[in-house]
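Student: Can we go through this model together? I would like to start with the conventions and then look at the contacts.

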Amino acid sequence: QCPWGAPSTTSISCSLADVMSEQLAKELQLEEENAAFPEVVAAAEGPFITGENIDTSSDLMLAQMLQMEFDREYDAQLRREEKKINGDSKVSISFENYRKVHPYDSDSSEDEVDWQDTRHDPYRADKPTTTPRRGFIGKGKDITTKHDEVVCGRKNTARMENFAPEFQVGDGIGMDLKLSNQVFNALKQHAYSEERRSARLHEKKEHSTAEKAVDPKTRLLLYKMVNSGMLETITGCISTGKESVVFHAYGGNSATEDKVIPPECAIKVFKTTLNEFKNRDKYIKDDYRFKDRFSKLNPRKIIRMWAEKEMHNLTRMQNAGIPCPQVVILKKHVLVMSFIGQDQVPAPKLKDVTLSSEDMKKAYYQILNMMQQLYRECNLVHADLSEYNMLWHDGKVWLIDVSQSVEPTHPHGLEFLFRDCRNVSQFFQKGGVAEALNERELFNAVSGLNITADNEVDFQAEIEALEKMNEDHVQNHGKKLSTFSSDGDPPIYDE
Ligand code: ADP
Ligand code: MN
């Protein structure tokens, strides 16, 4: 059983012709990749991070790992010396300032801003040498114009320095080499096309690592988790989504953390390709829990906040006893939680599993219950609830994927809840559960509100009116209602 293989439950039936062509496409793709980056492909075999077997395909990462080990040893030695010097003395000397601490260990790392660096353009000469406006220098018969062959040749040679650094121009610059315009232009053309070619290659490589979700920085983070003994092995990828990639790992037995690590873990890596998150702004920007922080943050930090949000939401759910993954640890944009499934096989999504009508009914009532608990005890709305984010495991439904969950008083909280209700209703009505409430009934049952509109449009309008009332309250009183109420009573305020 290959850990990289797709989970067996997601088999999709299609025609032979489709399979053939897909296979062909895959083969061609593989061939191409093999030719371009043999080492990357080779590294993808087997568990990609274990204690012994470290992926050595990236020199940079290897160097960083070594540096990290070195820094750690150095700091340990420093601490020993500090202790020796200080002894029992009442006045002690601190060596704190001499500590190395690998940059990846400290959370204030400057890597947070690198994305917005105004990039210095290495190809542009710092001070361009200009030809005088009048186009000539000197007087009388010593006059030289910009068309002078010698001057021009020298200038052309100098301009070669402006080609990309990888472009080998030799050391002709020190030899008073003179290039004719024709030669120079041909060289320039060549240099630019080379530059583009290497950019393309580079792009491809970036893409191929992004597909496995782990840029070197994330890998280093994962490596640290294995190195510290918290994880035993990271076996492979379970899911690649638009916003996250999920890996399976076997838990280790960390000595430092006094937490019990589950035997199998899921690692959710929130993607740091920033643009994917833009459309999710509305979930977090209006969430007052994150309000103060949002405006000051750069996108990288916002992505970490998604991970943080998922952690907090999972913890609330755990406390309410809702079946969901248990949080193990959060490091930057990487969230480790317990694995729902067994022996590397993730539990199937509700959309992929065929349940008996009895189980279907059971699942429905369980979800109704969970939605109520989520709303009342956790003060949360899932906001992406559907058969895609519910797993069937151990004879019950487990909720996952709660990074976008919000509190009901979020400016769009009730709309999100209504959407969740619609998904759940439709799924179970189609699935033949006769008892399943319709979306409006379900909404009322979950929220405890009593919206009486009997059609979708009016219902939606009432929901929006409630949301607006809440927002107005925030405007006037500087705080939110703690709960909604639509049955004529004054809203309950949180004092
Ligand atoms: P996304 O935002 O990409 O949808 P999810 O949290 O839904 O992220 O995770 C994607 C997939 O990974 C899920 O559909 C599920 O199959 C799998 N998965 C996520 N978390 C776990 C977990 N704790 N245990 C088992 N499988 C998981
Ligand atoms: Mn999901």
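Student: What should I know before reading numbers off it?

Tutor: This is a predicted model, in which local features need pLDDT of at least 70 and side-chain atom pairs count only at pLDDT 80 or more, while totals for chains, interfaces and linings use all residues. Residues are numbered from 1 along each chain as its sequence is written, chains are lettered from A and ligands numbered from 1 in the order in which they are written, and side-chain values use heavy atoms, with hydrogens and water left out.

Student: How many helices and strands does the chain have?

Tutor: The chain has 13 helices and twelve strands. These are DSSP runs numbered from the N terminus: H or I of at least four residues for helices, E of at least two for strands.

Student: Where do Asn389 and Asp401 lie?

Tutor: Asn389 is in the loop between α10 (357-376) and β11 (390-393), and Asp401 is in the loop between β12 (396-399) and α11 (413-430), so the pair ties together parts twelve residues apart in sequence.

Student: Is Asn389 buried or exposed?

Tutor: Asn389 counts as buried, at 8% relative accessibility. Buried means under 20% relative accessible area, exposed over 50%, and partly exposed in between (1.4 Å probe, protein chains only).

Student: Salt bridges next. Which residues are linked in a network with Asp401?

Tutor: Lys268 and Glu310 are linked with Asp401 in a network of salt bridges. A salt bridge is a side-chain nitrogen of Lys or Arg within 4 Å of a carboxyl oxygen of Asp or Glu.

Student: What does Arg316 pair with?

Tutor: Arg316 forms a salt bridge with Glu407, with 2.7 Å between the closest N and O atoms. Arg316 lies in helix α9 (residues 299-320) and Glu407 in the loop between β12 and α11, so the pair ties together parts 91 residues apart in sequence. Glu407 is buried at 4% relative accessibility, whereas Arg316 is partly exposed at 24%.

Student: Last topic: what do the buried residues of α12 pack against?

Tutor: They pack against α10, α11 and α13 (456-477). Among the buried residues of helix α12 (residues 439-447) are Leu442, Phe443 and Val446.

Conventions. Contact means heavy atoms within 4.5 Å.
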